[in-house]
Amino acid sequence: TSTSTSASVRDNTVFVDDKYNIQASDSLANKALHLPISDAVPLYEQLLSNFPTAAKYWIQYVEAYINVNNDDAIKHIFSRSLLYCLQIPLWKVNENKGTEGQEETRKAFDFMLNYVGTDIASGPVWMEYITFLKSLPAMTAQEESQRMTLVRKAYQKAIVTPTHMVEQLWKDYENFENSVSRALAKGLLSEYQPKYNSARVVYRERKKYVDEIDWNMLAVPPTGSYKEEQQYMAWKKLITFEKGNPQRIDTASSNRRIAFTYEQCLMYLYHYPDIWYDFATWQAKSGSIDAAIKIYQRALKALPESEVLWYAYAELEESRGEIQSAKKIYESLLGNGVSVTALAHIQFIRFLRRSEGVEAARKYFLDTRKSPNCTYHVYVAYAMMAFCLDKDPKVAHNVFEAGLKRFMHEPGYILEYADFLCRLNDDRNIRALFERALSSLPPEESVEVWKRFTQFEQTYGDLASMLKVEQRRKEALSRSDEEGSSALDTSLHDVVSRYSFMDLWPCSSKDLDHLARQEWLLKNINKKADKSAWPNGACSIEKGSSGSSTNFKSSAPSAKVVYPDISRMLIYDPRQKQVTGPPPNIVAGLPSVPITGTPIPSVPSVNGGTTNPLQEILKIMPPALVEFITHLPAVEGPSPNVDIVLSILLQSNVPTGQTGQVATSPQQLPVGPSGSGSDLSGSNKLRPIPNESSFKPSRDVQSGKRKNSDRHEDDETATVQNRPLPRDAFMMRQIRKARGVTSSQTGSASGGSMISGELSGSTG
């Protein structure tokens with residue numbers, strides 16, 4: 001026993017390190033099955049402290065006590081689990097074991113069905129209850145009548161509950177009523193038939209939502225996984241469905257179903273504060289304030305670190321006039337000590353100002369200043385409250401000055417103080433504040449302060465002070481800038497920044513884009529393409545809070561992020577319009593340049609001279625296809641695979657018109673006597689290449705090439721309909737054309753190879 005106990009302690013220690021590890025939890029539960037009850041209890045308690053709504057652990061725990069017949073422990077476990085773990089298997093463990101009387105058993109069934117009777121899986125429980133009622137002894141006619149009345153009421157409740165066994169229950173109810181009295185059955189069945197039909201329809205709709213839920217999932221804190229999000233949405237859909245009251249039952253019954261659905265949802269989404277908040281808010285709107293308070297209390301016990309739930313609970317109490325209860329909630333939150341945040345102090349100061357007045361808020365602020373977790377936010381909040389609500393600028397100014405001695409190193413505090421002084425129109429103290437702050441802040445932390453100082457001078461200063469502050473700003477920030485003296489250069493962007501106001505700019509958006517691109521190029525033109533020179537994203541122009549633009553930003557790269565080599569980046573210019581004519585990429589692999597304006601590089605021709613690859617391909621295409629391609633609109637953005645499109649078009653029945661009158665230039669390759677017209681017409685059947693009698697191959701051709709030529713001849717006798725589409729049908733067609741043409745013209749297989757390689761290279 002000591003060995004097993006020490007082993008369980010070791011396992012428990014490992015488990016605590018990752019208490020929400022599901023595999024470790026299941027392993028620990030399996031080990032507890034083989035331990036004595038005295039050794040297993042600490043493990044079960046540890047499991048249930050981490051997963052208080054896990055029905056399978058509760059069932060295993062209570063069964064361990066059932067095996068040793070410890071009734072007191074069993075009752076204690078049920079009192080802890082049943083009301084907050086509404087799952088049928090756990091409740092069925094709490095069945096009568098024959099020790100209580102029939103009346104106690106009936107009360108136990110009533111208690112069970114009152115809580116879980118609306119569950120979609122509660123059909124077997126209803127049937128067991130009805131079977132139990134039918135088995136009750138009836139010695140007299142009065143007892144028989146009472147028994148029949150109990151059975152009838154149970155049936156009538158069961159058949160209007162959307163469960164898996166609602167249809168079977170209705171059949172049993174029909175048989176029951178007909179067995180008692182056919183005359184009475186006709187009226188009762190006609191009365192409950194519509195209610196049953198409605199329950200059956202709602203059951204089928206409810207089942208669609210229930211089937212999406214994983215009933216074996218354990219309640220763990222959200223990690224953002226796809227399964228968790230899927231289960232979250234499934235529960236939200238089910239709750240929304242129940243709130244719609246699809247069965248059109250009375251309000252009290254509908255509210256019981258909605259509350260039951262929320263309770264079941266919390267068994268799996270136990271660590272989601274929004275579910276707790278929605279449940280409590282729904283209860284409050286339904287008029288059950290006491291129920292909402294209990295839900296908040298349970299929520300804070302489950303998620304004590306959720307600060308927003310504390311505020312929501314205090315807000316509920318304050319909204320109904322329970323000021324002392326709300327104050328106790330704030331005091332409980334602030335009593336946590338280490339976990340208290342500056343926001344908690346701020347919200348309590350505001351609460352005291354609302355409920356007890358200015359003096360109570362001031363007293364608490366003076367006490368809070370000594371707290372180690374009092375940040376500059378507390379000073380700003382109290383100062384602005386005194387200024388805006390109490391209309392006391394002197395107190396607010398004194399608070400800001402007191403905080404300046406402690407938070408001079410905080411740029412955020414400097415900016416808030418400057419905003420306050422701007423409201424007082426105290427330009428002298430604003431300039432003094434900026435000078436004091438900038439003299440103590442390091443350059444890397446003074447960017448926002450310089451930005452606000454510049455905006456202030458641009459808005460309220462004269463031209464000399466404006467230019468002076470801008471120059472000082474450049475000098476200060478250039479010390480930490482890699483470009484050094486280049487940051488001191490004056491650019492048009494400085495003028496744009498100076499003469500902008502809110503969303504009004506002295507230039508067009510295109511000019512702003514141009515300035516951004518030029519600034520980025522100047523900063524990166526001399527940089528080496530190494531990781532240390534990669535900026536974190538492209539530079540951009542920002543509009544400040546006052547409307548003026550800021551300098552271009554280039555954040556320092558992070559060591560944990562792999563950035564692209566932006567030294568190879570091409571700046572996109574939307575003003576570059578494509579020229580008219582065929583799109584430059586009509587054949588995959590051709591240069592992506594305009595048809596006009598930039599000459600396409602020429603390549604050597606077979607007959608000497610040069611030839612334009614694009615024009616040559618257009619000439620050998622059917623006129624209808626050339627006309628189709630010519631009228632294609634310019635594509636801006638993603639485009640389809642042109643090779644596949646042309647392959648399909650070339651093998652389709654495209655009307656060609658007069659295909660035999662296609663003009664040819666002296667430099668155009670002459671076509672062969674056999675099959676050329678078919679290729680030019682775009683027919684959907686491939687003609688065989690001329691046989692060996694139409695040309696004489698060179699003697700130095702290898703036997704392997706001759707075998708390949710014979711194999712190509714055999715393959716090309718098949719039609720397109722009889723074999724699958726080639727992977728690159730367009731390139732294959734051009735290879736065949738090139739071989740047929742050059743062989744008949746030069747009588748050399750090597751010439752055909754050259755043209756084939758040229759065309760395939762242009763289409764690859």
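What covers the buried residues of helix H12 includes H11, H13 and H14. This is a predicted model, where local features need pLDDT of at least 70, side-chain atom pairs count only at pLDDT 80 or more, and totals for chains, interfaces and linings use all residues. Residues are numbered from 1 along each chain as its sequence is written, and side-chain values use heavy atoms, with hydrogens and water left out.

Let's stay with H12 for a bit. Its buried residues are Glu228, Gln231, Tyr232, Ala234, Trp235, Leu238, Ile239, Phe241 and Glu242; buried means under 20% relative accessible area (1.4 Å probe, protein chains only). H12 covers residues 226-243, and its 18 residues should span 26 Å at 1.5 Å a residue, which agrees with the 26 Å between its end C-alpha atoms. That expected span is 1.5 Å times one less than the number of residues. After H12 comes asparagine 245, with a positive phi near 50°.

Zooming out, the chain has 34 helices and two strands, which are DSSP runs (helices H or I, at least four residues; strands E, at least two) numbered from the N terminus. Of its 764 residues, 40% are buried. Take contacts between residues at least 6 apart in sequence: 58% of them join residues at least 24 apart, a contact being heavy atoms within 4.5 Å. The accessible surface is about 42500 Å², with 54% of that belonging to carbon and sulfur atoms; areas come from the Shrake-Rupley method with a 1.4 Å probe.

Now for the second largest pocket. On a 1 Å grid over the protein atoms alone, a pocket is an open set of points where a 1.4 Å probe fits, with protein on both sides within 12 Å along at least five of seven lines, and lining residues have an atom within 4 Å of a point. This one holds about 1200 Å³ of space. Of its 40 lining residues, Leu113, Asn114, Tyr115, Thr118 and Arg256 lie nearest the centre. Helices giving at least two lining residues each include H7 (102-116), H11 (182-210) and H13 (251-268). H13 supplies the largest share, eight residues. Here is the lining by class:

| Class | Lining residues |
|---|---|
| Nonpolar | 19 residues |
| Polar | nine residues |

One last stop is threonine 454, found in helix H24 (residues 447-460). Is threonine 454 buried or exposed? Threonine 454 is buried, because its relative accessible area is 10%. Leaving aside residues up to four places away in sequence, threonine 454 touches Val469, Glu470 and Arg473.

Technical notes: Points joined across faces, edges and corners; volume = space filled by probe spheres on them. Nonpolar A, V, L, I, M, F, W, Y, C, P; charged D, E, K, R; others polar. Buried < 20%, exposed > 50% of the residue type's maximum accessible area, 1.4 Å probe, protein only.
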